[in-house]
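Reader: I am new to this structure. Please show me how to read it, one feature at a time.

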Amino acid sequence: MLGMKTKTCDVVVVGAGPAGLSAAEAAKSAGAGNVLIVERDAAAGGILRQCIHPGFGLKVFGEELTGPEYAERYIERAAAAGAELLTGTTALELRDRELVCASPSGIVNLRFGALVLAMGCRERTRANLVIPGARPSGIYTAGTAQKLINLFGDKVGREVVILGSGDIGMIMARRLTLEGAHVKAVVELLPFLAGLARNKAQCLDDFGIPLLLSHTVVDIDGVDRLTSVTIAPVDEKRRPIPGKEEKIACDTLLLSVGLIPENELSRTGGIALSPVTRGPVVNQFKQTSNPAVFACGNVLHVNDLVDHVSVESAEAGRNAALYAAGALPSAPAFPTVAGPGVRYVCPQSVVADGGEDVTLFFRTTLPGRRTEFLCTSGGKVLATRKSPRTSPGTMEQLVIPKDAVAALDGPVEVRCEHGEVLA
Amino acid sequence: MVKTDVLIIGAGAVGVAIAREFSKFRGRVLVCDRNDDVGGDASKSCSGLTSTSATMPVGTLECKIRTIAHTMVDVLCRDLDIPIIHCGSIAPVLTDDQMEQVPKLLDKAWQNGVWDYEFMPREEILEMEPTLNPAIRGGIYSPRDSQINQFLMVVAEAENAAENGVEFLLDCEVTGIETRDGRVRRVITTKGEIEATWVVNAAGLHCDDIAKMVGECDFAVHPRKGEFYVLGHDTPVKVKHIISSVPTPKTRGVLVIPTTDDNVLVGPTADDVEDKTDRKTTRAGLEEVRTKALEMVPGLCFADTITQFVGARPARVPEGYHILVSEKARGYVGISGIRSTGLTASLALGKYVVHEMRGAGLALERKVGWVRTRRGIVKFAGKSDAEKDALIARDPLYGKIVCRCEQVTEAEIVQAIRRPVGARTLDAVKRRVRAGMGRCQSGFCGPQVLAILSRELGIPESDVRKRGVAAFMLDHPTDNN
């Protein structure tokens, strides 16, 4: 159509959160001619904008920053590298070599040499857990409450129960306490913490907020606003134990029950997704089933630390630039397999190209002590590492040396052997 | 003191259909409802089925009204731009007991004039609907059963009635009715007193409470709770037809329904409860729905659930449709016993109630310039690139995607609020334009919709409600806990 705009870019990045910013900077630095970041929000920074607490940047910058400070550094780096940013623009649909976007100035079709998916993730909801009960107001996912408090300056409630010991839930327990609310309990279905141990120490223990492991919410009351939740302990099969219910009066329930990579855009482009991570299936270049499309950050798999996201996304951005220039190496690829004790491994395949070491990211299924991680292929140990303490909340890594990568001739397995299981 | 010719209590499907019928005539018509939005209790949370009278009790008023109403649905959808899908329904027969029911059901349908309600053998049914349990023995196919968007049906009728002069008083609960000299005189509400010549009780679940106020209550109403699951667009197994259990006298049982918005609706249960405010889902109820649905459609993927909810159908004791034009309290018209068949029936009920009132002496004079049609809010999602570009050129707010899951733009949300009988709560916005109806359940767009409502209504964010009188989204200054 006449009025519709088309633009051609070497690399297009979807999302100006930590993943997108880092990918764009790296793509530009790797020689891509024009790099464009598409962001639906009015400003860059993504979810970091609402994460006003400290704890970011220890690995990348060697100092402790708040979310907005961390974002600011990458916004500056991306801009300095020469990446262009288009805010207020939503990516609607991914076609083979074209991304359709909408903004108040109209529809624009972006033709790309390579694309980086960096849309992040969304929060699991009450419906995903099937929590029975009433549907009053006063029930928020933790991130939504964080946005209302930190970005909108709103007050969400006074008497609070938090379901799920994910990192955002624990951080919000502290935030709400600082805002004058009374956080009565953090309730966790699993027998162990879902988020990072340091967040439990800093956000719950320091404020005397009780953590109830192996408990869940079994009922919700309130015709208009929430008036109470009923919690109960669960048995080893995670079923509530009848007769042990306890009603807690509250006007607010926060849910911090997991994150799901936001891949609806990827789906419109027919990108193959992993049923475990729910992110695209990629090789070590972060390249998806469409060779021109790369993925990084929480859209790929949910990370624990933003520092990991930045590092991983820089690789994705650089490889996208190489692909756009026709310079990404190709070689036979072999799948990675999550062996005993491992929930998933990302990337899902390794291309036997010896240019660089390959880092495998993975999570364990159970917490443990004196754990050994092993990466093997055809009976040969490619990498190994020992850890005094592990938990599913922490993302683990193993590095396969480049010589071993070049010599690959079969599937790669990662497994984990606990000296002692802590479940 | 407000004066009106007709006051309709209840803005559910029945009340709004009566109001729209009255809007063709001269005279003042008010509709009041205790809820924040039209759609009542039952109408907005029902299955949205509009079926033939195949399974209705033969020879009853309910059957007659339903039969007539069903013929009126398509014209209403055309005139008022209401989404409907003509998908037909299949009741798979799985057991010997169900097989024994079949001849009786076919006979009843025949007597009710539904001659295209027929039994089909297994192979034919499975070819039509491959998602069904391969163990079925056959199924009853009912080609004229359809699925309507139940929210938009009531909203569309209300908007059209309002355009034709009907006034809506929402968040307005009736607390008393004064009668004098054998006539209704005035109605006391939480928003002041209303002097009314005619009072029509279309209060559904609460119609017994209203009937008591004029001494015309020889019945009781309780909620029959129905629990539902809604599955997301991307769920792998989607039905093409409405799949219904072989009906029993009490209920049509669990249904698996393709909706007008491309979701799969699964439910309901049918549990009689006492408490009229009870909208709680239960572990047992949801499990019952899941089990029964999986018996019929084994591939349904409940992991793709985006929400669960409860619908409350009014159950009258004793049962049966009752339209009372009172002798004892002249001017009072009581409608009761309109149960789960009421969404479809409402169309004929509107006509029937007005007809009965004319018979009782109400003189009506046709209005000049009555507007028959209404157009819905133009959706952004699903349009071609060029159509989307044209929408944005016309209104740049179409270029601001607020609800990413359902691709709903700010333009649609603003229209939902600004239209006659517009949305004033998050749930009302959601029902009109689907913002918050997707997989993240308003986690992402909720704060933005809250800000838009605050801006458009000129109220502080802390006064914005999810629904109802006091379901505030944020901490509210008036709560002194």
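Author: Start with one pair of residues: Val13(A) has Ile37(A) as its bridge partner in β2(A). Strands (E, at least two residues) and helices (H or I, at least four) are DSSP runs, numbered from the N terminus. This is a predicted model: local features need pLDDT of at least 70, side-chain atom pairs count only at pLDDT 80 or more, and totals for chains, interfaces and linings use all residues. Residues are numbered from 1 along each chain as its sequence is written, while chains are lettered from A and ligands numbered from 1 in the order in which they are written.

Reader: How many bridges join β1(A) to β2(A)?

Author: Two strands pair if DSSP finds at least two bridges between them. Here 4 bridges join β1(A) to β2 (residues 35-38), and the two run parallel. The chain passes from β1(A) through helix α1 (residues 18-29) to β2(A) in a right-handed β-α-β crossover; with the strands pointing away from the viewer, the path from the first strand over the helix to the second runs clockwise.

Reader: Which strand pairs with β1(A) over 9 bridges?

Author: That is β8 (residues 106-117) of chain A, parallel to β1 (residues 5-14). Within β8(A), Phe112(A) is the bridge partner of Cys9(A).

Reader: How many residues of each chain take part in the contact between chain A and chain B?

Author: Two residues are in contact if their C-beta atoms, placed from the backbone, lie within 7 Å. Chain B gives 41 residues and chain A gives 41. On the chain B side, α10(B) supplies the largest share, 6 residues.
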